[in-house]
Amino acid sequence: MRKPFKAAPIVKEGPRANREIRAPRVQLIDADGTNRGEVSLEEALAAAEEAGLDLVEIAPNATPPVTKIADLGKLKYLGQKKAAEARKKQKTVEIKEIKMRPNIDHHDYEVKMRAVKRFFEDGDKVKLTLRFRGREMAHLELGMKLLDRVKQDTEAFAKVEVEPKLEGRQMMMVLAPR
């Protein structure tokens, strides 16, 4: 025999308002922001209705819960606006990759280092990858020497997050801004 379909309970977003408030007595703040003290829930609902606004639970964990007479729609809108503003301000740290060869020319090295510096100014991390081809694998010390040089050149504005390590045919190191 089949069980009847049971819908998931509806989870409401935001603060409780009006008849959803369960406490028998509440701390009431009216529309002007003045504290009216502890009153019964019915009295608070009547005051909210008289003002033509909603009774909104501000601090549900307080004893008694703090409620305010306010426009629920406006309150939700301001909350969303605040959250959007916070999201806009946060910066995601990206990992930028710079690829080099162990026998890199001096000028090419300088160009790569300018790019590294620019990435750090933007607040990003940098992953330096050194690729070995063919017989270059016999000279891993050249790669280590190059990564040490990068480490010393960026010492003032970056710290090593992942020390140089060999993975297959490439050596990598991760730097983070200070």
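## Exercises: charges and salt bridges

Lys99, Arg131, Arg133 and Arg169 gather in a patch of positive charge on the surface. Keep in mind that this is a predicted model.

**Exercise 1.** Work out where Arg169 lies and whether Arg169 is buried, partly exposed or exposed.

*Solution.* Start with the chain: Arg169 lies in the loop between strand 7 (158-167) and strand 8 (170-177). Next, check its relative accessibility, which is 42%. Partly exposed covers the range between under 20% (buried) and over 50% (exposed), so Arg169 counts as partly exposed.

**Exercise 2.** Find the salt-bridge partner of Glu136 and work out which parts of the chain the pair ties together.

*Solution.* Look for the partner first: Glu136 forms a salt bridge with Arg101, and their closest N and O atoms are 2.4 Å apart. Now place both ends. Glu136 sits in the loop between strand 6 (125-131) and helix 4 (140-153), while Arg101 sits in the loop between strand 5 and helix 3, so the pair ties together parts that are 35 residues apart in sequence. Finally, compare the cover: Glu136 counts as buried at 15% relative accessibility, whereas Arg101 is partly exposed at 25%.

**Exercise 3.** Describe how Lys151 and Asp148 are placed, and name the network they belong to.

*Solution.* Begin with the bridge itself: the closest N and O atoms of Lys151 and Asp148 are 3.8 Å apart. Both residues lie in helix 4, 3 residues apart, or about one turn of the helix. Then follow the shared partners: salt bridges join Asp148, Lys151 and Glu163 into one network.

Conventions:
Residues numbered from 1 in each chain as written. Predicted model: local features only at pLDDT ≥ 70, side-chain atom pairs only at ≥ 80, totals over all residues. Heavy atoms only, no water. Patch = residues over 30% accessible without salt bridge, like charges linked within 9 Å, V, L, I, M, F, W, Y side chains within 5 Å. Areas by Shrake-Rupley, 256 points an atom, 1.4 Å probe, with all protein chains shown as cover. Salt bridge = Lys/Arg side-chain N within 4 Å of Asp/Glu carboxyl O. Lys, Arg positive; Asp, Glu negative; His and termini not counted. Charge placed at Lys NZ, Arg CZ, Asp CG, Glu CD. Helix = DSSP H or I, 4+ residues; strand = E, 2+ residues; numbered from the N terminus. Buried < 20%, exposed > 50% of the residue type's maximum accessible area, 1.4 Å probe, protein only.
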